[in-house]
Amino acid sequence: MHLEYQPIHSFNICGRIACLAFNQAGDMLAIGDFDARLAVASTNSSEYTDVIDGHAPVLCVTWFGNIIFAGYSTGLLLSVILGTHDLLIHGVQAHALATKFIAIQDLNLIATSGTKEVKLWRSSDGQCNQTSALPLPHDEAFQAHEVITTALQWQDGVTDAAGPALLVSYLHHGIFCWDVEAQSAIWKCATLTPIGSLDVSVDHKYLVMANIKDGVDIYEVQTGRFKMSCPRQVRDAPPLMFVHGGRALLTTDSKGCANIWSIERGSIIGTLSHGHGVIITALAVSPETTNGEKLITLVQAHYKVESDRFLIATGDDEAKMSVRIWEAQEVQDG
């Protein structure tokens, strides 16, 4: 017997999918689309529990407890508190053009990025108030290029940081590890090619970034040193994430598939297909839980400890059945 991912639920109320996020328990999925909808779905059924219609595309979404934080193309930062019967919604104009990325360490350390700027916030009862902003990256080699952010990630235990450090990747200026209290860069990693997307392993040892030109590269978080490259079968700026406790990568290709790459083997060990001609535009990202040997053979976006379920969510650019939830199920060998 071995485990393979099988689709268990599909959702078609949303349009082209921009972002996905599991909650901590793994029983709810937040979905944002380019048609201005923010939806909440149960991972135990094919039903939506809540749908919020907006006026602009939802570009990013994440959870903290029972609060959903969403960023819109208009620069709005929305917080939605899920109650037993009602929703409590707050909004603030976080950025002038778009709120592209949100990273939450805790409710006193929320980072958002617009086109170029990164701001820090504190949330109380769902209402966000800005506390500071990071300086723009400075690199003389790229002074002629516009500053454009492409990812945010909080990091614990970074040497020389007064508190949690914030990793920020920029399209042209590389990757900066910021000490947010000192408002200074701990280290920076200049890259020869533009950066499309980024993720960090659950043990905070490695970061992976999709360079737009020719590959997927892995670096050490503590030092910013280059470690290795992985084979490329992806679009210019694909969603990607570490899985298997950092032993594998989940990324997408141009054939409608999310592929599971073994870093050690450098080969595909699993594929989740939406169908040829469809582009997968979003993968669910949720806290990874180590569970012994199962993580060696399984890719996960979320692992439900109490019910022994491994779940992944994928979203594409088609309006019909655009979100799918996959569950690892036992299959006979051969």
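Is aspartate 53 buried or exposed? Select this residue and show its surface: at 59% relative accessibility, aspartate 53 counts as exposed, where exposed means over 50% relative accessible area, buried under 20%, and partly exposed in between, with a 1.4 Å probe and protein chains only.

Before going further, keep in mind that this is a predicted model, in which local features need pLDDT of at least 70 and side-chain atom pairs count only at pLDDT 80 or more, while totals for chains, interfaces and linings use all residues. Residues are numbered from 1 along each chain as its sequence is written, and side-chain values use heavy atoms, with hydrogens and water left out.

**The sheet**

Now switch to a cartoon view and look for the open sheet, in which four strands lie in the order β2-β3-β4-β5 with antiparallel pairing. Strands here are DSSP runs of E with at least two residues, numbered from the N terminus, and two strands pair if DSSP finds at least two bridges between them. At the edges you will find β2 (17-22) and β5 (48-53), each of which pairs on one side only. Neighbouring strands of this sheet are turned by 15 degrees against each other on average, direction ignored, the axes being lines fitted to C-alpha atoms and the angles running from 0 to 180 degrees between N-to-C directions.

Next, select residues 28-33, which make up strand β3, and see how β3 and β2 pair in the antiparallel sense over five bridges.

**The salt bridges**

Show the side chains of Asp33, Arg37 and Asp53, which are linked in a network of salt bridges; a salt bridge is a side-chain nitrogen of Lys or Arg within 4 Å of a carboxyl oxygen of Asp or Glu. Aspartate 33 and arginine 37 meet at 3.3 Å, N to O, and although aspartate 33 is buried at 0% relative accessibility, arginine 37 is partly exposed at 24%. Arginine 37 also forms a salt bridge with aspartate 53, with the closest N and O atoms 3.8 Å apart. This pair links distant parts of the chain, since arginine 37 lies in strand β4 (residues 37-42) and aspartate 53 in strand β5, 16 residues apart.

**The cysteines**

Finally, select the cysteines: a search of the whole structure finds zero disulfides, a disulfide being a pair of cysteine sulfur atoms within 2.5 Å. For cysteine 60, the nearest cysteine sulfur belongs to cysteine 19 and is 6.3 Å away. Cysteine 60 is buried, with a relative accessible area of 8%, and cysteine 257 is buried too, at 13%.
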